Each structure stands twice: as structure tokens, then as C-alpha cells.
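Colleague: I would like to learn how to read pockets and helix packing in a model. Could we go through one together?

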Amino acid sequence: MHVRLINLYQSINNTPIGPDILPQALVELGRASEMVKIATQELHQQNEQLIETHNLLEAERQRYQNLFELAPDAYLVTDIPGIIQEANRAASQLLNVPQQRLVGKPIVNYIALPDRATFRSFLLQVNECDGATKSTLCWQKSNGKVFDAAMTVGVVCNEIGMPIALRWLLRDITEQRNLQAVKVSEDNFDLTQGRERYKYSKGETIPLNSSTIWCVHQGLIKLSTLCDTGEEVLVGLAGQGMIFGSSLTALHTYQAIALSDVELVSIDLAEIATSSKISKTIISKINQRLRQTESFLVISGRRKVQDRFHYLLQLLKQEIGQSVAEGTRLNVRLTHQDLAGACCTTRVTMTRLLRKLQQQGKVNFDSKHHIIIRE
């Protein structure tokens with residue numbers, strides 16, 4: 001239209017004004033006016049659409065801002081080095097710092113001193129990770145009070161995939177950990193406290209009563225049964241803090257023999273039924289015995305005697321082992337017959353296996369004939 005108007009003006013300037021020039025000019029001006037009107041309407045519609053889109057975006061931004069600000073958990077946004085750019089109200093309350101004062105501060109300032117080196121390593125790990133990364137560290141409020149916080153950190157990337165920011169979710173888990181500590185304390189209730197202790201010497205048979213169970217305060221007890229051939233079979237070892245009794249087994253023949261001088265306490269089954277603390281502790285100790293029994297079952301399931309003896313030594317190393325310069329020393333002297341019973345073999349075979357392992361340098365004996373398992 002601009003070109004057409006220029007041509008019209010040039011034709012007027014270059015040629016005499018004829019009778020048809022004015023109507024032609026009016027027609028051109030009318031067309032120009034119509035086009036301007038249409039363009040104005042289109043711009044008006046586009047402007048209204050832009051205003052509507054802007055209002056929608058602003059409402060959406062405000063909604064997400066409210067979600068960020070009013071979230072029950074603490075949220076922080078930092079740059080890649082860890083400088084705080086945004087913080088919601090929950091973060092301000094958690095760290096005991098006004099929101100405006102958090103912005104621009106390094107996030108490491110609010111990590112407890114002993115955990116700062118760990119935090120810096122964690123920050124490097126986060127920057128190299130694509131997804132969310134979780135960890136638990138000790139944080140510190142502005143008043144010096146420390147608390148345990150579970151962290152979930154996500155990386156924000158730009159359109160070309162480069163990390164540009166970090167989003168932090170913090171949750172104070174101090175109370176949760178305290179409750180867990182209390183629960184562990186209840187589960188580990190000392191059964192021997194305030195009870196009469198019964199002493200038995202090494203080699204003595206411990207009397208078993210179906211209405212009570214024994215708890216070992218000191219020493220080691222060998223639990224065994226007899227097979228059809230009359231041979232003794234080792235089914236368990238009860239060390240300090242462990243329980244045993246005839247009420248905990250379905251074996252018809254069941255005996256307990258002291259492998260060292262021992263001190264035991266007796267607990268009535270009726271008392272267990274009326275005390276929640278004792279019953280919880282008993283359950284955890286039954287689980288301990290169950291795991292040990294399953295380990296003995298795995299040993300007996302090995303086909304080769306050498307394999308059974310190898311796994312038995314590993315179990316004994318775990319249950320009654322003590323680290324010494326030469327390796328791991330079994331605290332209690334077990335006879336060749338004890339070892340043979342646990343491996344379902346004969347004493348002669350066990351003696352031959354021990355001699356072979358000793359020649360290979362895998363086991364040794366101290367001056368009191370305790371087995372030392374070499375690494």
C-alpha cells in the first residue's frame with residue numbers, strides 16, 4: 001500500500017491533474033483506510049490475546065509461588081556453587097533466618113562444621129548426577145542449634161542441557177531418629193539387670209525347665225542334640241546376651257553344656273507374657289538365634305565335608321572370633337568332636353582336615369589349643 005501511494009503521488013507530480021486523478025486518489029485512500037482498519041482490528045485482537053495469556057501466566061506463576069512459599073517442607077534454590085537464590089518460609093523457620101537474609105548466602109554456612117567436608121563432596125556428586133540425589137547430614141540453625149536433615153537435591157538444566165541451578169528439599173528428621181533410638185533401646189532392654197545370676201563351670205550341663213528360659217550374662221553355651229546313632233550334633237552356640245531353653249525348641253533330645261565358666265539369669269515365661277519390654281527384647285533375641293540356626297542348616301546342606309568345615313569356621317569366626325595378630329582366634333576351645341558334630345562327620349575326619357589346614361597355613365593353634373583362623 002505504501003508503494004502504491006508513492007506511485008500515485010509521483011503520477012500527480014509528473015503529469016497534469018486530470019479529471020480521473022481525484023477519484024483514483026480517493027479510491028486508493030479508501031483502500032488504505034480499510035486496510036489500516038483491518039490491521040488495527042487484528043492488532044487489537046492480538047493485544048487482547050497477549051493480555052489474556054499474560055494474565056494466565058501471571059496466575060500460574062503466582063500459584064506456583066504460593067505453593068513454593070506455603071509448602072510445609074523447606075525448599076531452597078541455589079546456583080551450581082551453592083549460593084542461595086530463593087528460600088521459602090519453611091526454610092526460613094527451619095534455619096531460623098529471615099528469608100531475605102538467606103538469599104545470597106552460601107548454603108554450606110548452615111551445615112554443621114563436622115559435616116562440611118562431607119557436604120562439599122556431596123555437592124560435587126550432585127553436580128555430576130542427572131536425577132535427584134538424597135543424603136542425610138547434620139545442619140545448624142543461626143542460633144547454633146544442630147539438627148539432622150534428610151536432603152533431596154535436583155539439578156535444573158537449561159535448553160542445551162547445562163546445569164544452571166539446584167533445588168533443595170530439607171526435612172528435619174531429628175525427632176524421627178530420637179524415636180528410633182528409643183525403640184532400639186527398648187528392643188535392647190537388659191534382661192540380666194537386677195536378676196539373680198547362676199554360675200556354672202566349664203563342662204557342666206545346664207538344667208532346662210519348660211517354664212523358664214536362660215539368658216547368658218557371661219560365657220558360652222553349646223546347644224546340641226543326639227542323632228539316631230547316638231552321636232552328638234551341634235545345633236547352636238549361645239554367647240553373651242543370647243537366650244536358650246527347652247521351650248524354644250521342638251527337639252526331643254536337647255542339652256546345653258557350658259564351654260567355659262558361665263553366668264546365667266533365669267526368666268519365667270509368665271513374666272515375658274506380662275511385660276512388653278521383655279517380650280520385645282525376647283523376640284529380637286529369638287531372631288538372633290533363628291539366624292544362627294539357619295546358618296548351621298546351610299552348613300549341614302553342603303555335600304563335601306571340606307566345604308561344611310570351611311563354612312563352619314566362617315560362622316564361628318563371626319560368632320566367637322577375636323582379632324589377633326595372626327588372624328582371628330576362637331575365644332572358646334572346641335574339641336574335634338564338637339566340630340565333627342557341627343559338620344555331620346566323624347572325629348577322625350575332622351582331625352585329618354584340621355591337620356591339612358594347618359599344613360596349608362590356613363589355621364593354627366595358640367598355647368591353649370584355641371583355633372586361630374588366618375586371613
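Modeller: Start with the word pocket. A pocket is an open set of grid points where a 1.4 Å probe fits, with protein on both sides within 12 Å along at least five of seven lines. Keep in mind that this is a predicted model.

Colleague: How much space lies in the largest pocket?

Modeller: The largest pocket holds about 420 Å³ of space.

Colleague: How many residues line the largest pocket, and which lie nearest its centre?

Modeller: The lining has 18 residues. Nearest the centre are Val235, Thr249, Leu251, Arg289 and Thr293. Now look at the elements. Strand S10 (232–238), helix H8 (276–300) and helix H10 (336–343) each give two or more residues to this lining.

Colleague: Which element gives the most to the lining of the largest pocket?

Modeller: H8 does, with seven residues.

Colleague: And what is the make-up of that lining by class?

Modeller: Sort the residues into nonpolar, polar and charged. The largest pocket has 13 nonpolar, four polar and one charged residues in its lining.

Colleague: Let us move on. How much space lies in the second largest pocket?

Modeller: About 320 Å³. Its lining has 15 residues, and His310, Leu313, Leu357, Lys362 and Val363 lie nearest the centre. Helix H9 (305–320) and helix H11 (347–359) are the elements that give two or more residues here. H9 supplies the largest share, six residues.

Colleague: How does the lining of the second largest pocket divide by class?

Modeller: Into six nonpolar, four polar and five charged residues.

Colleague: Now the helices. What describes two packed helices?

Modeller: Two values: the angle between the axes and the distance between them. Take H9 and H10. Their axes come within 9 Å and cross at roughly 110°.

Colleague: Why is H9 called roughly perpendicular to H10?

Modeller: Angles of 65 to 115 degrees count as roughly perpendicular. The crossing angle is roughly 110°, so H9 is roughly perpendicular to H10. The crossing of these two helices is right-handed.

Colleague: Which residues make the contact between H9 and H10?

Modeller: From H9 come Arg308, Phe309, Leu312 and Leu316. From H10 come Leu339, Ala342 and Cys343. By class, the contact of H9 with H10 has six nonpolar, no polar and one charged.

Colleague: At what angle do H9 and H11 pack?

Modeller: At about 70°, with the axes 11 Å apart. H9 and H11 are therefore roughly perpendicular to each other. H9 passes H11 in a right-handed crossing. On the H9 side, the contact uses Val305, Gln306, Phe309 and Leu313. On the H11 side, it uses Thr349, Met350, Leu353, Leu354 and Leu357.

Colleague: How do the residues of the contact of H9 with H11 divide by class?

Modeller: Seven are nonpolar, two are polar and none is charged.

Colleague: One pair is left. How far apart are the axes of H10 and H11?

Modeller: They are 8 Å apart, and the helices pack at an angle of about 105°. That makes H10 roughly perpendicular to H11. H10 brings His336, Gln337, Leu339, Ala340 and Cys343 to the contact. H11 brings Arg347, Met350, Thr351 and Leu354.

Colleague: What classes of residue are in the contact of H10 with H11?

Modeller: Five nonpolar, three polar and one charged. Now trace each contact on the model yourself.

Terms used. Residues numbered from 1 in each chain as written. Predicted model: local features only at pLDDT ≥ 70, side-chain atom pairs only at ≥ 80, totals over all residues. Heavy atoms only, no water. 1 Å grid on protein atoms, 1.4 Å probe; cavity = no way out; pocket = protein on both sides within 12 Å on 5 of 7 lines; lining within 4 Å. Points joined across faces, edges and corners; volume = space filled by probe spheres on them. Helix = DSSP H or I, 4+ residues; strand = E, 2+ residues; numbered from the N terminus. Nonpolar A, V, L, I, M, F, W, Y, C, P; charged D, E, K, R; others polar. Axes fitted to C-alpha atoms, helices over the stretch in contact; angles between N-to-C directions. Parallel < 35°, antiparallel > 145°, perpendicular 65-115°, else oblique. Left-handed = near helix turned anticlockwise from the far one by under 90°. Contact = heavy atoms within 4.5 Å.
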